[in-house]
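Biologist: I am new to this structure. Please take me through the terms as we meet them.

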Amino acid sequence: MKNQSCWKDLNAQSSQKVIEELSDAFQSWFDLRHKFDEANPPGYRKHGDTRPKSTVTFKADGFKHDPEHDRVRLSKGKNLKEHWSDFLLCEYQTRPDVDLSEVNKVQNVRAVWNGDEWELHFVCKVELETNDSAGNEVAGIDLGIKNIATVAFPDEYILHPGNSLKQDKHYFTRAEYDTEGENGPSEKSMRARRKLTDRETHFYHTLTDTIITECVERGVGTLAVSWPEDVRESDWGKTGNKKLHSWAFDRIYQYLAYKGEMRGVEVLKENEWDTSKTCSRCGDDTRSNRVERGLYVCSSCGLVGNADCNGAENMRQKITPSPHGENRSNGCVAQPSVHLFDRESGTFRTREQVVS
């Protein structure tokens, strides 16, 4: 590997990491091709091509960090043997709220091309201050594609639809296709792709922040999150497979877990098997109870409600086995609160606030 010209200026571990990431990208593509014929393979870059560069990761022995002077030295590997300087000296600036001198350890440094310039991403190990438990109450979350997260609190159900995500994906994907270059993605096309990624990241961070904040305010100390075991191992058809590939349930769980840890909310991963067809009031699990995508009608006890709310309540009862009883009426399950993502404020607000 080190005899190739493209690797000569890299530390050996950095070269290996680039190969590992490329291997992961191809493996992901191979897996996706079994279910989605239109999946695109990882892009290639010809010699002298100015298209986006590969991300380069420097592990512990490939960099030396100087937080006192905001500098980092990145190893250039074989150049040392050719009597050249063996490192790149980089000066960096961080956000006002970030101080790298306070972190326990910088585990690795990633050089990332953002389309205009190189950025340094520092992967750090830090100790988080965790709060005491937010309370004794329990809530449940049903994760989905249409309603990204449905939360069953002790006194209320809240839907968080993914309409804005769908609109962004439609708009920026169209913009990406309209500006596609003849020999691969153009700069405008890559910019549209980055904007979509940034908006998705903001959406998921805002969503999980909102849910954890609601838990703290309502005294919820335990949050049960639905986990679709092996859902991507099955074949759901061309359209279904495409939707599942973009379903970020693992990402949402990770965000909830670390945000909850910081604020005293224990986030538990629970298998969602049969929660969509089981009645949260009486336990009847007749498959036909799930009348339509959003409607649940129990043939035994007569419960009529939103199917996602019923699933979220079943997740809640995995931690609190005893049902609510008569105080959970059909109206509570059938008419949950809806919180939409407001583009102007960048936050989730009630439907009435967003519409007005």
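**Terms and values**

Modeller: Aspartate 70 has a positive phi near 55 degrees, in the hairpin of S2 and S3, which has four residues between the strands. This is a predicted model, where local features need pLDDT of at least 70, side-chain atom pairs count only at pLDDT 80 or more, and totals for chains, interfaces and linings use all residues. Residues are numbered from 1 along each chain as its sequence is written, and side-chain values use heavy atoms, without hydrogens or water.

Biologist: Why is aspartate 70 called partly exposed?

Modeller: Buried means under 20% relative accessible area, exposed means over 50%, and partly exposed is in between (1.4 Å probe, protein chains only). Aspartate 70 has 37% relative accessibility, so it counts as partly exposed.

Biologist: What makes S2 and S3 a pair?

Modeller: Strands are DSSP runs of E with at least two residues, numbered from the N terminus. Two strands pair if DSSP finds at least two bridges between them. S2 (residues 63-66) and S3 (residues 71-75) have four bridges, in the antiparallel sense. In one of them, histidine 65 is partnered with valine 72 in S3.

Biologist: How do you know that S3 pairs with S4?

Modeller: S3 and S4 (residues 87-91) are joined by five bridges, again antiparallel. Arginine 71 stands opposite glutamate 91 in S4.

Biologist: Why is aspartate 274 called partly exposed?

Modeller: Its relative accessible area is 26%, so aspartate 274 is partly exposed. Aspartate 274 sits in the loop between strand S11 (266-271) and strand S12 (290-292). Its phi is positive, near 70 degrees, in a residue other than glycine.

Biologist: Is threonine 222 buried or exposed, and why?

Modeller: Threonine 222 is at 15% relative accessibility, and therefore counts as buried. Threonine 222 belongs to strand S10 (residues 220-227).

Biologist: Which residues is threonine 222 in contact with, leaving aside neighbours within four places in sequence?

Modeller: Contact means heavy atoms within 4.5 Å. The partners of threonine 222 are Glu137, Val138, Ala139, Glu266, Leu268 and Ile319.

Biologist: How do the residues lining the second largest pocket divide?

Modeller: A pocket is an open set of points on a 1 Å grid over the protein atoms alone, where a 1.4 Å probe fits, with protein on both sides within 12 Å along at least five of seven lines; lining residues have an atom within 4 Å of a point. The second largest pocket has 17 lining residues, and Arg95, Val98, Asp99, Leu100 and Val103 lie nearest its centre. Ala, Val, Leu, Ile, Met, Phe, Trp, Tyr, Cys and Pro count as nonpolar, Asp, Glu, Lys and Arg as charged, and the others, Gly among them, as polar. By that rule the lining has eight nonpolar, four polar and five charged residues.
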